[in-house]
Amino acid sequence: MAYDKQTFLKEVTILHDTREQKNRHILDRLDQMKVKHQEKALVFGDYSFMAQGRDFSMNCVIERKANVDELYGNLIKDRSRIEREFEAGSTIANQFTLMLETVPDMESLRTYEVPEWKMRAEHRQVREIGAHCYATLQSWQCGNRYRFHTIFSEDQAESAVKILECFYWYWRNFKMLTASRRNRG
């Protein structure tokens with residue numbers, strides 16, 4: 001059985017949650033790559049996948065945040081909802097991933113500050129929102145909290161590729177594990 005990426009790309013259907021907004025850049029890139037996708041009400045998270053007739057939406061899920069502002073807004077204004085989502089994702093799914101767009105890495109998140117023009121234009125009170133997001137994610141990623149990992153997509157044009165990469169490796173490992181179990185019996 002082939003576990004290569006080309007086989008996966010032919011067989012996968014990316015699922016995107018019905019509540020997911022402003023994801024046209026991801027869907028357009030999937031179309032460009034000729035990867036199937038469909039809208040589906042996901043129990044938690046924004047993206048999952050189906051392959052070879054199997055739905056992985058309760059096993060492998062990505063929660064996407066478009067930028068630091070969105071993440072910070074969720075942490076400040078809607079913390080109980082996002083915590084419930086992270087708890088469900090990390091408790092139910094085998095792999096729960098947070099994808100943060102427009103930031104290259106964790107260190108850049110830690111040092112992110114709202115630009116001066118945006119502070120004035122939006123009458124903001126807090127400039128160092130990255131430090132707050134960084135501390136929260138570091139705390140939540142611990143094994144005794146929400147057991148997830150974070151990936152970054154600085155260039156939103158590459159977000160679809162990062163989603164596919166995450167799902168490919170999960171699918172590949174799943175196929176190898178189930179094949180070895182069948183061979184034991």
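Student: With which residue does Lys118 form a salt bridge, and how far apart are the closest N and O atoms?

Tutor: This is a predicted model, in which local features need pLDDT of at least 70, side-chain atom pairs count only at pLDDT 80 or more, and totals for chains, interfaces and linings use all residues. Residues are numbered from 1 along each chain as its sequence is written, and side-chain values use heavy atoms, with hydrogens and water left out.

Lys118 forms a salt bridge with Asp69, and the closest N and O atoms are 2.5 Å apart. The term salt bridge denotes a side-chain nitrogen of Lys or Arg within 4 Å of a carboxyl oxygen of Asp or Glu. Lys118 lies in helix α6 (residues 116-121) and Asp69 in helix α3, so the pair ties together parts that are 49 residues apart in sequence. Helices (H or I, at least four residues) and strands (E, at least two) are DSSP runs, numbered from the N terminus.

Both partners, Lys118 and Asp69, are buried. A residue is called buried under 20% relative accessible area, exposed over 50%, and partly exposed in between (1.4 Å probe, protein chains only). Lys118 counts as buried because its relative accessibility is 16%.

If neighbours within four places in sequence are left aside, Lys118 is in contact with Asp69, His123 and Arg124. Here contact means heavy atoms within 4.5 Å.

By the salt-bridge rule, the count comes to 20. Another of these joins Lys5 and Glu165, with the closest N and O atoms 2.8 Å apart. This pair links distant parts of the chain, since Lys5 is in helix α1 (residues 5-11) and Glu165 is in helix α8 (residues 159-184), 160 residues apart. Lys5 is partly exposed, with a relative accessible area of 35%, and Glu165 is likewise partly exposed, at 33% relative accessibility.

A further salt bridge brings together the side chains of Lys40 and Asp55, at 2.3 Å from N to O. Its partners are 15 residues apart: Lys40 is in strand β2, and Asp55 is in strand β4 (residues 54-55). Lys40 has a relative accessible area of 25% and is partly exposed; Asp55, at 30% relative accessibility, also counts as partly exposed.

Let us turn to the nonpolar interior. A nonpolar core is a set of buried Ala, Val, Leu, Ile, Met, Phe, Trp, Tyr and Cys residues joined through side-chain atoms within 4.5 Å. The largest such core has 24 residues, and those with the most contacts inside it are Leu71, Phe86, Leu109, Cys133, Leu137, Trp140 and Phe148. At least two residues of this core come from each of α3 (68-77), α4 (79-92), β6 (95-101), α5 (106-111) and α7 (129-141). Not counting residues up to four places away in sequence, Leu137 touches Leu71, Leu98, Met106, Leu109, Phe148 and Thr150. There is also a second, separate core of 23 residues, which includes Ile14, Val35, Ile62 and Cys166.

The surface may be considered next. Val43, Met58 and Ile92 make a nonpolar surface patch of about 260 Å². Patches are made of residues with over 30% relative accessible area and no salt bridge; like charges are joined within 9 Å, and nonpolar side chains (Val, Leu, Ile, Met, Phe, Trp, Tyr) within 5 Å. Val43 is found in the loop between β2 (36-40) and β3 (47-51), and it counts as exposed at 59% relative accessibility. Lys22 lies in the loop between β1 (12-17) and α2 (24-32), and Lys22 is exposed as well, with 74% relative accessibility.

Finally, the chain may be viewed as a whole. The secondary structure of the protein chain comes to 8 helices and 7 strands. Of its 185 residues, 46% are buried. Among contacts with a separation of 6 or more, 68% are between residues 24 or more positions apart. The C-alpha atoms fill a box of roughly 65 × 40 × 30 Å, taken along the principal axes.

Definitions and conventions. Accessible areas come from the Shrake-Rupley method with a 1.4 Å probe; for residues, only the protein chains shown count as cover.
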